Amino acid sequence: MKRILSVLVLLLSLGTLCFSQNHKIRVSCIGDSITWGMTLSDRENEAYPFQLQKMLGDGYEVGNFGRNGATLLRHGHRPYMDQEEFAAAMLFPADIIVIHLGVNDTDPRNWPNYRDEFVGDYLTLIDTLKTVSPSARVIIALMTPIADRHPRFNSGTKEWHTEIQEAIGVVAELSGAELIDFHTPLYPYPQHIPDAVHPDAFGASLLAKTVYSQITGDYGGLSLSELYTDNMVLQRNVPLDIHGIADAGEKVTVTLGKEKVSAVTPASGHWKVVLPPRKEATGLRLTVSTKNRKLSFSNVAVGEVWLCSGQSNMEFMMCQTKEGPLDIPLSADADLRLYDMKCRWRTDDVAWPLSALDSLNNLDYFKPAKWEVASPENVKMFSAVGYYFGKTLRDSLRVPVGLICNAVGGATTESWVDRNTLETRFPLILRDWLNNDFIQDWARGRAAKNISNRTDKVDRHPYQPCYLFEAGILPLDRYTIKGVAWYQGESNAHNKSAHSALFTMLVDSWREYFGKEDMPFYYVQLSSLGRPSWPWFRDSQRLLLGQRSALGMVVSSDIGDLVDVHFTEKKPVGRRLAQWALSRDYGFSNVTPSGPLVREARAEGNRVVVSFDYAEGLHPGVLPDGESDPSVREITGFEVASHEGCFFPAKAEVRGNEIVLSCPDVPSPTLVRYAWEPYTRANLYNGALLPASTFRVEVR
């Protein structure tokens, strides 16, 4: 090896005179089959180094030194430094060296045995390349994704891929090499990694663009997320994180009122400034500027920002509600701001055109939106639950409130969870999703109908796991929000166990993405409806309250509809969500956040005593639809059993903050349940006029 290097250095020193004058900037692309262009039908035009050449133009000469199957590890099954492509790269004195290696090191022949050698071997590769190009810029890439379809994904590949990414970061730190990210641009587009490893031509173009921007510093100039528009609301009382994209080296200046902060854009193109916390305010102007561009936003407010998301009962618009005709004309409010992300194609029982499928594959599912001041015209088309939630906050807080809504009818829980979380914690749900029993058959059938015009194997759809996170959460670009109001579950009610796991993943996923470990997350329990599995599902939603901090659940079973999943009385739901926020997050100690939540059931002779949280003023309430006769002062909906499956109605009496149950048919009860019917008329309320949740507990 030393002799070969000596010869190469001599040849290069003799040849320097041939190209030292007016030579093009040379870019050496070193890597494995992804660099080489394996699986591409026209690799000499489509492989990322060739696309990079076209982007850089005649002033550059790009060399493709990819080797199929190459490993970074010297003891790997095909060490790159032992290949003829490496020797060719050494004869190509480069001004810029781009390295993308490590994917093949995830092979079980390699990483389990030689992981401790990876950092040292990578540093050796860089040092060796620099013996012939001492002043070269060295750029090393985080690896492209390996899709969950890979046959070894769950038997080590996923874990090892993550460990190698971390090792590459260490190499960059120790060597001083520039680090670029080949993973993030491709990760939301698994359809562009058709064999689970090698990007197609579109995927290769994303890699080429990543290298092009790193080399030139050209990121297309100043840009911000789509949430930056006139009338926007910024979160009060927290440091204001304003961030975006600009060309490398550009100075970005952000001005909000009298505050002005600047930052110089690093080589990655991602700049960020942090403004000090502000109290509520209105009528501000936000400007973000560079030498070549200025973005200015008027009527900016500082207040409370909440994300309203889920499926059709959150999407359900004000104009569809029972309360809408009265409340819409009264809805004008300059300090209630709405950012309404409407989908381009509703998930109705139709086949979508090819143009829709193309947009789906590019994650272009939501229409462009902008912040709007609440008025009858735009409120009537906004989420009713979201509107009443925001209006209740406005009435109580008297500060600006901003609501972002991106709910999608029929959406599954898993479609809102980020890809890495599902790959790590629930990979089985990603497999063959249109035939996967973890996903509700109704959702799979509707999705299959929507995409039935597809002409290839690509099957992206809003109900697909990860899709709505990638199409509806990533565009929010980590915008600072206070918390989440969530109404979803109907499309997961067939499998309460899977949903319970998915819901905690959803909460963890969003809290990590928005950078708030205890971000409030308030959700609506499913209402009453004639679907047999719903009592069990509602109870599983209740049990979720103990799985994470800062959760709150709204009970809606008292206002459901026997046959229509979209009950029209949405005002109580929005208000009940707001009561959680007012009590938990805004210090309204006089606001009760929840109806009675069962704590325990204990035996007392042949009776059962049930205790609750939020139990002040227990009484038999009048259901909103008027079905209960106010003159009848009996609490209904309780049952007891001595054996599973043998429940009998129980008489319920209020004793302070407890309920005492008796049933002559069950002298020694061991189980208690309440509101255990799909469409329940159970009527236990507390003094705040909030209903008790469906529950099932053992008698202690």
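User: Why is Tyr-614 called partly exposed?

Analyst: The relative accessible area of Tyr-614 is 31%, and partly exposed is the class between buried, under 20%, and exposed, over 50%, with a 1.4 Å probe and protein chains only, so Tyr-614 is partly exposed. This is a predicted model, in which local features need pLDDT of at least 70 and side-chain atom pairs count only at pLDDT 80 or more, while totals for chains, interfaces and linings use all residues. Residues are numbered from 1 along each chain as its sequence is written, and side-chain values use heavy atoms, with hydrogens and water left out.

User: What makes Trp-580 count as buried?

Analyst: Its relative accessibility is 1%, which falls under the cut-off for that class, so Trp-580 counts as buried.

User: How many aromatic pairs does a search of the whole structure find, and why is the pair of Trp-486 and Phe-521 called tilted?

Analyst: The search finds 32 aromatic pairs. Rings of Phe, Tyr and Trp (its six-membered ring) pair if their centres lie within 6.5 Å, and planes under 30 degrees apart count as stacked, over 60 as edge-to-face and the rest as tilted. The centres of Trp-486 and Phe-521 are 6.2 Å apart and their planes stand at 50 degrees, so this pair is tilted. Trp-486 lies in strand 16 (residues 483-487) and Phe-521 in strand 17 (residues 521-524), so the pair ties together parts that are 35 residues apart in sequence; strands here are DSSP runs of E, at least two residues, and helices are runs of H or I, at least four, numbered from the N terminus.

User: Why is the pair of Trp-580 and Tyr-614 edge-to-face?

Analyst: The ring centres of Trp-580 and Tyr-614 are 6.2 Å apart and the planes are at 85 degrees, so the pair is edge-to-face. Trp-580 sits in helix 20 (residues 571-585), whereas Tyr-614 is in the loop between strand 20 (607-613) and strand 21 (619-620), so parts 34 residues apart in sequence are tied together.

User: Why is one side of strand 23 and of strand 28 left without a neighbour in the sheet?

Analyst: The open sheet has four strands in the order 23-22-26-28, with antiparallel pairing, where two strands pair if DSSP finds at least two bridges between them. Strand 23 (647-649) and strand 28 (695-698) stand at the edges with a single partner strand each, so one side of each has no neighbour in the sheet. Four bridges join strand 26 (residues 671-674) to strand 28.
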